[in-house]
Amino acid sequence: MTAYEELMGFQRETEALGQVMGRLSWDAETMMPRGAAEQRAEEMGAMDGVLHARRTDPRIGAWLEAAEPEGPVETRQVALIRRGYERSQKIPADLSAALARTRSLSHRVWAEARENDDFALFAPKLTEVLALTREMAACLAGDGPLYDALLDSYEPDMSEAGLEAMFGALRPRLVDLRDRIMGSDRVVPALDREFAEAGQLRLSSALARAFGYDESHGRIDKAVHPFSSGSGLDVRITTRTQPRDPFNCFYSTIHEVGHACYEQGISRDYLLTPLGRGVSMGVHESQSRIYENQIGRSRAFTGWLFGQMQAEFGDLGIADAETFYATVNRFSSGYIRTEADEVDYNLHVLLRFDLERDLVAGRLYVDDLEAAWNERFEKDFGVAVDKASNGVLQDVHWSEGYFGYFPTYTLGNVYAGCLHAALRADLPDLDAALAAGDTSPATGWLGEKIHRHGGLMTQSDLIEAATGKAPTEAPLLDYLDAKFGEIYGL
Ligand code: ZN
């Protein structure tokens with residue numbers, strides 16, 4: 001066997017164990033009995049120990065030294081393994097295991113605090129998670145900035161400064177659009193009745209199929225927070241239902257299907273290798289958001305959905321398909337990021353980006369986080385936060401140590417804007433298919449341009465190869481201006 005083959009054989013087993021650990025996390029959020037949290041934390045710590053030992057195994061260094069990769073695929077595999085090896089070596093095994101255990105426990109405490117609207121219940125655990133995360137960031141960063149080291153786990157090669165520039169360009173135009181929508185006298189009706197859960201779940205599954213989700217290589221369960229999990233031949237998603245808001249269920253499902261189809265669409269040649277996963281969280285989010293918004297909330301597709309909903313639920317209290325399109329895209333300034341319209345969504349992310357940078361830099365203490373959140377929310381959205389579950393406790397991320405993750409949501413929207421402009425230029429007749437509930441021309445285009453490549457290219461090369469241009473925020477802003485300008489008569 002060549003050194004490259006030995007390296008890949010070893011890596012494949014590590015990747016397989018990584019998938020097992022991911023499935024434990026999936027289980028913790030779907031099936032695990034409440035009382036099992038402490039034991040699960042130990043299980044996660046033990047698994048992390050096994051994985052950390054493999055990821056830092058000195059044989060990897062020797063194989064990397066001796067490997068002679070041929071062609072772009074092998075070269076990229078080696079580059080990604082080297083990157084992972086160098087990063088893992090910087091983190092001590094006991095710190096890595098402590099983080100895995102604490103994250104696992106913290107999730108349960110967060111869920112309880114959220115149920116009770118009691119941030120003080122969660123603050124000590126979050127302080128612990130933040131301290132360990134900062135310690136890890138310091139190991140990774142060397143002399144560099146801590147936040148960049150964290151960001152690098154989710155969006156390689158992206159920097160805080162680069163994001164600040166992009167978000168700085170986004171904010172004024174988003175705020176301006178938001179102000180103009182709020183000044184509009186056009187009234188867009190909301191749904192105003194109950195929708196049976198069984199019907200919501202039936203239509204949610206139909207939507208997953210319509211967007212190409214392969215249930216023979218996945219499954220759909222209910223969870224507090226919708227998420228997708230796994231890669232290759234086992235990619236699972238979750239969704240949730242609310243009696244008076246079926247869109248929450250439908251668009252959560254479509255969103256997670258976007259993530260899942262990316263993973264399911266990666267070339268089987270890359271299965272259980274570093275190339276066999278989405279290249280970055282930003283690109284991942286671009287797929288979920290383009291499925292959910294640019295395709296799923298398009299006029300053509302909502303025309304089809306209107307008929308499906310009437311067939312499932314009877315009269316919706318909405319006059320016609322055109323009104324329904326506006327209802328689906330209704331601007332509704334609210335507390336919750338995952339329920340936000342497309343304009344407010346990014347402002348929710350920018351708030352988190354600023355607060356978490358302060359936390360990581362040590363400029364803000366966890367004990368002051370709730371007050372800082374509430375103050376900032378009122379400043380940005382003009383409304384006082386009424387309870388912690390509508391504010392600082394709404395998202396799961398920080399409980400699991402995902403600092404540096406939130407900005408990838410807005411980055412995903414930016415990438416989605418670029419991809420959507422290119423997709424529309426390539427597929428001028430797309431709306432005819434969408435109006436019949438057929439998303440395959442669009443999802444096929446994304447499969448070809450993005451999904452099948454997995455981690456073969458860097459994210460900026462991938463977007464540039466797909467669109468012919470380096471990614472910028474302009475297409476997203478133009479899309480939002482045009483869409484909401486029309487709906488609100490601006
Ligand atoms: Zn997502």
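Tutor: Let us begin with residue classes: Ala, Val, Leu, Ile, Met, Phe, Trp, Tyr, Cys and Pro count as nonpolar, Asp, Glu, Lys and Arg as charged, and the others, Gly among them, as polar. By that division, the lining of the second largest pocket has seven nonpolar, three polar and six charged residues. Please keep in mind that the model is predicted.

Student: Which residues of that lining lie nearest the centre of the second largest pocket?

Tutor: Glu29, His107, Arg108, Ala111 and Val224 do, out of 16 lining residues. The volume of this pocket is about 290 Å³. Two or more lining residues come from each of α1 (3-30) and α5 (93-115), and α5 gives the most, with six.

Student: How many cavities of 30 Å³ or more does the structure have?

Tutor: The search of the whole structure finds two.

Student: Which residues line the largest cavity?

Tutor: Its lining consists of Arg289, Asn293, Gln294, Glu342, Asn346, Asn413, Ala416 and Leu476. Helices α11 (281-295), α14 (342-361) and α16 (407-426) each give two or more of its residues; α11 gives the most, with three. By class there are two nonpolar, four polar and two charged residues.

Student: What is the class composition around the second largest cavity?

Tutor: Four nonpolar residues, one polar and one charged form that lining. The residues are Trp373, Val392, Asp395, His397, Trp398 and Phe406. Asp counts as charged and His as polar under the scheme, so Asp395 and His397 account for those two classes.

Student: Trp398 also belongs to a ring pair with Phe403. Why is that pair called stacked?

Tutor: Stacked requires planes under 30 degrees apart. The planes of Trp398 and Phe403 stand at 10° with the ring centres 6.1 Å apart, so the pair is stacked. Both residues are buried.

Student: How do you know whether Tyr154 and Tyr405 are buried or exposed?

Tutor: Buried means under 20% relative accessible area. Tyr154 has 11% and is therefore buried; Tyr405, at 13%, is buried as well.

Student: Which residues do ring pairs link into a cluster?

Tutor: The cluster contains Tyr154, Tyr345, Trp373, Trp398, Tyr402, Phe403, Tyr405, Phe406 and Tyr409. The structure holds 22 aromatic pairs.

Student: What makes Arg297 count as lying over the face of Tyr251?

Tutor: The distance part of the test asks for CZ of Arg within 6 Å of the ring centre. Arg297 lies over the face of Tyr251 at 4.1 Å from that centre. Arg193 lies likewise over the face of Phe195, at 4.4 Å.

Student: What makes His255, His259 and Glu285 donors of the zinc ion?

Tutor: NE2 of His255, NE2 of His259 and OE of Glu285 lie 2.1 to 2.3 Å from the ion. Their spacing along the chain is H-x3-H-x25-E. His255 is in helix α10 (residues 246-264) and Glu285 in helix α11, so this pair ties together parts that are 30 residues apart in sequence.

Student: Are His255 and Glu285 buried or exposed?

Tutor: The limit for buried is under 20%. His255 has a relative accessibility of 11% and so counts as buried; Glu285, with 2%, is also buried.

Student: Why is Arg424 called partly exposed?

Tutor: That class lies between 20% and 50%. Arg424 has a relative accessible area of 25% and is therefore partly exposed. Arg424 lies in helix α16, and its C-alpha is 8.7 Å from that of Ala442, 18 residues apart in sequence.

Key. Residues are numbered from 1 along each chain as its sequence is written. This is a predicted model: local features need pLDDT of at least 70, side-chain atom pairs count only at pLDDT 80 or more; totals for chains, interfaces and linings use all residues. Side-chain values use heavy atoms; hydrogens and water are left out. On a 1 Å grid over the protein atoms alone, a cavity is a set of points where a 1.4 Å probe fits but cannot get out, and a pocket is an open set with protein on both sides within 12 Å along at least five of seven lines; lining residues have an atom within 4 Å of a point. Grid points are joined across faces, edges and corners, and a volume is the space filled by probe spheres set on the points. Helices (H or I, at least four residues) and strands (E, at least two) are DSSP runs, numbered from the N terminus. Rings of Phe, Tyr and Trp (its six-membered ring) pair if their centres lie within 6.5 Å; planes under 30 degrees apart count as stacked, over 60 as edge-to-face and the rest as tilted. Buried means under 20% relative accessible area, exposed over 50%, partly exposed in between (1.4 Å probe, protein chains only). A charge sits over a ring if NZ of Lys or CZ of Arg is within 6 Å of the ring centre and within 35 degrees of the ring normal. Donors are N, O and S atoms within 2.8 Å of the metal (3.2 Å for Na, K and Ca); water is not among the atoms, so sites may look incomplete.
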